[in-house]
Amino acid sequence: MEPIEGHFHFIGIGGAGMSVVAELLAARGARVTGSDCADSDVLARLNEKGIRAFVGHDATHVDDDATVVVSTAIRESNPELTRARELGLDVIHRSQALALAASGMRFVGVAGAHGKTTTSGMIAVGLRGAGLDPSVAVGGIVPQFGSGAHLGTSDVFVAEADESDGSFLNYTPSIEVVTNVEPDHLDRYGTREAFEAVFVDYAKCLVPGGLLVCCAEDAGTARLSESARELGIRVVTYGRSDKSVVDADVTICDVETTPSSCRARVSYGDISAELSLGVPGVHNILNAVGAWIAGVELGVEPGLMASSLAGFTGTARRFELRGTVGDRRVFDDYAHHPTEVSAAIEQARLVADGADVTVVFQPHLYSRTRLFADRFAKALSGADHVVLADIYAAREDDDPAVTSALIADQIKGAECVHDMHEAARIGARQAGSRGVLITMGAGSITQCADDVIDEWQRMDAS
């Protein structure tokens with residue numbers, strides 16, 4: 001691969017998606033700097049890697065030779081972006097920077113309303129285990145790489161493809177894996193039909209002869225597969241026969257799941273393989289089959305790809321064990337869509353093995369809370385105890401008419417607590433002696449696992 005020259009300055013470099021692209025550009029020889037509104041472990045890691053990451057946004061951080069990289073979350077009023085506009089600098093989206101980092105490589109883009117991080121992590125781990133060292137841009141730390149970013153030695157690049165702002169249309173993948181097309185981001189797209197249409201546009205981004213891999217168990221991806229085939233795009237679908245909306249090309253059977261693992265058999269024409277994973281949950285079987293198909297398409301022997309997937313142990317913030325006190329365990333999960341919440345609670349039920357499951361949930365975005373409050377309440381009702389913290393606004397302005405009470409009022413016994421740290425402590429007190437507690441959401445709630453552990457230790461000492 002040819003080195004990438006120039007200076008790139010990332011506004012909001014501490015974000016999961018931004019930091020991995022920054023690392024990859026630096027690894028390919030570019031000079032990289034950036035800033036974020038608050039200090040974090042991510043900024044510390046970037047500085048250790050030689051990437052100058054400032055705490056706080058200030059116009060003086062922007063040099064006049066920089067290409068400025070932003071995400072959709074960065075507002076025009078940001079002083080660094082204002083300075084870049086004044087200087088007439090090139091301003092590009094994170095996805096364009098990622099496409100640049102992946103230039104000259106076979107690009108595997110993983111898209112879907114949920115499951116992107118896990119599936120892309122599985123592909124990366126499976127390929128590495130099979131001897132095909134890929135470059136990686138994943139929105140969570142993959143233990144085998146020690147990061148969400150890795151510059152590999154092969155010509156394969158595996159990355160999440162973000163549909164939330166349509167930026168995945170900046171890629172030209174050789175393979176696209178779409179885990180589901182369940183309506184989300186309706187604040188941007190408005191309707192299910194518009195949301196599904198952008199995935200058809202994404203399929204059109206494939207290189208000539210590229211492959212679209214779709215889960216047949218989701219109605220949205222089923223419709224996507226049919227639309228893509230009508231356009232002459234090569235498609236492979238996968239799923240369990242009794243759960244698939246359309247006939248699956250790759251069938252999944254003999255599914256077994258335990259509190260710590262799962263397994264299944266997959267069949268693809270004359271090819272079959274046994275998948276055995278060190279993570280539980282049927283949803284992880286589906287993710288792994290999508291990853292397996294991608295590996296086979298890239299030329300990995302099917303049995304080798306299946307056995308290599310056994311090395312996947314999860315990614316950060318995807319049902320990540322954060323601590324144990326006695327027989328109680330606290331996990332942290334990024335789930336922020338009703339389907340993801342249901343899957344995480346189902347996984348917790350397996351792990352709890354009959355003990356109580358407690359969820360401390362921080363809703364993400366006012367718009368998502370307003371649109372899906374009923375569905376969130378139904379999903380969270382699968383837990384024994386529910387505590388809701390205030391909504392994490394992220395890129396949105398505060399909306400006083402939308403609060404966590406929209407969800408809590410529909411769940412018997414649920415509590416709303418303004419401060420997320422106090423919410424975590426209350427949840428800890430509600431968890432049973434062998435209970436499983438999950439801190440859940442896409443925002444700052446990930447900071448609160450320590451509050452749970454501290455509260456359990458205090459309780460045991462008193």
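User: What kind of model is it, and how are residues numbered?

Analyst: It is a predicted model, where local features need pLDDT of at least 70, side-chain atom pairs count only at pLDDT 80 or more, and totals for chains, interfaces and linings use all residues. Residues are numbered from 1 along each chain as its sequence is written, and side-chain values use heavy atoms, with hydrogens and water left out.

User: Back to Asp-398. Buried or exposed?

Analyst: Asp-398 counts as exposed because its relative accessibility is 61%. The cut-offs are under 20% relative accessible area for buried and over 50% for exposed, with partly exposed in between (1.4 Å probe, protein chains only).

User: What does Asp-398 touch?

Analyst: Tyr-366 and Ala-393, not counting residues up to four places away in sequence. Contact means heavy atoms within 4.5 Å. With Tyr-366 there is a side-chain to side-chain polar contact of 3.1 Å. A polar contact is a pair of N or O atoms within 3.5 Å; within protein, one must be able to donate a hydrogen and the other to accept it, and residues adjacent in sequence count only if both atoms are side-chain atoms.

User: How far is Asp-398 from Arg-192?

Analyst: 25 Å in space, C-alpha to C-alpha, and 206 residues in sequence.

User: Now domains. Which residues does UniProt give for "Mur ligase C-terminal"?

Analyst: The UniProt record, an unreviewed entry, lists residues 317-443 for that domain. UniProt positions are in the numbering used here, feature names are shortened, and annotations may be inferred rather than shown by experiment. That span is 35% helix and 22% strand, and its end C-alpha atoms lie 11 Å apart.

User: And the other two?

Analyst: The unreviewed UniProt entry places "Mur ligase N-terminal catalytic" at residues 7-103. That stretch is 38% helix and 24% strand, with end C-alpha atoms 17 Å apart. "Mur ligase central" covers residues 110-294 in the UniProt annotation, also unreviewed. Residues 110-294 are 30% helix and 31% strand, and the end C-alpha atoms are 10 Å apart.

User: In what order do the strands of the six-strand sheet run?

Analyst: The order is 16-17-21-18-19-20, in an open sheet with mixed pairing. Two strands pair if DSSP finds at least two bridges between them. Strand 16 (320-325) and strand 20 are the edges, each pairing on one side only. Helix 11 (residues 338-352) packs on this sheet, touching strand 17, strand 18 and strand 21. The direction of helix 11 makes about 160° with that of strand 21. Axes are lines fitted to C-alpha atoms, for helices over the stretch in contact, and angles run from 0 to 180 degrees between N-to-C directions.

User: How do strands 16 and 17 pair?

Analyst: Antiparallel, over five bridges. Glu-320 has Asp-332 as its bridge partner in strand 17.

User: Is Asp-332 buried or exposed?

Analyst: Asp-332 counts as buried because its relative accessibility is 0%. The side chain of Asp-332 makes a 2.7 Å polar contact with the side chain of Thr-446. Beyond its neighbours within four places in sequence, the contacts of Asp-332 include Arg-317, Arg-318 and Ile-445.

User: Which residues of helix 14 are buried?

Analyst: In helix 14 (residues 420-430), they are Met-420, Ala-423, Ala-424, Ile-426, Gly-427 and Ala-428. Their cover includes strand 18 (357-361), strand 21 (436-440) and helix 15 (449-461). Asp-419 caps the N-terminal end, with a side-chain oxygen 3.1 Å from the backbone nitrogen of His-421.

User: What about the sheet of 10 strands?

Analyst: That open sheet has the order 8-7-9-6-10-11-12-13-14-15, with mixed pairing. Its edge strands are strand 8 (147-150) and strand 15 (271-277). The twist averages 20° from one strand to the next.

User: How do strands 13 and 14 connect?

Analyst: Through a hairpin of four residues. The two strands pair antiparallel over six bridges. Ile-252 stands opposite Val-266 in strand 14.
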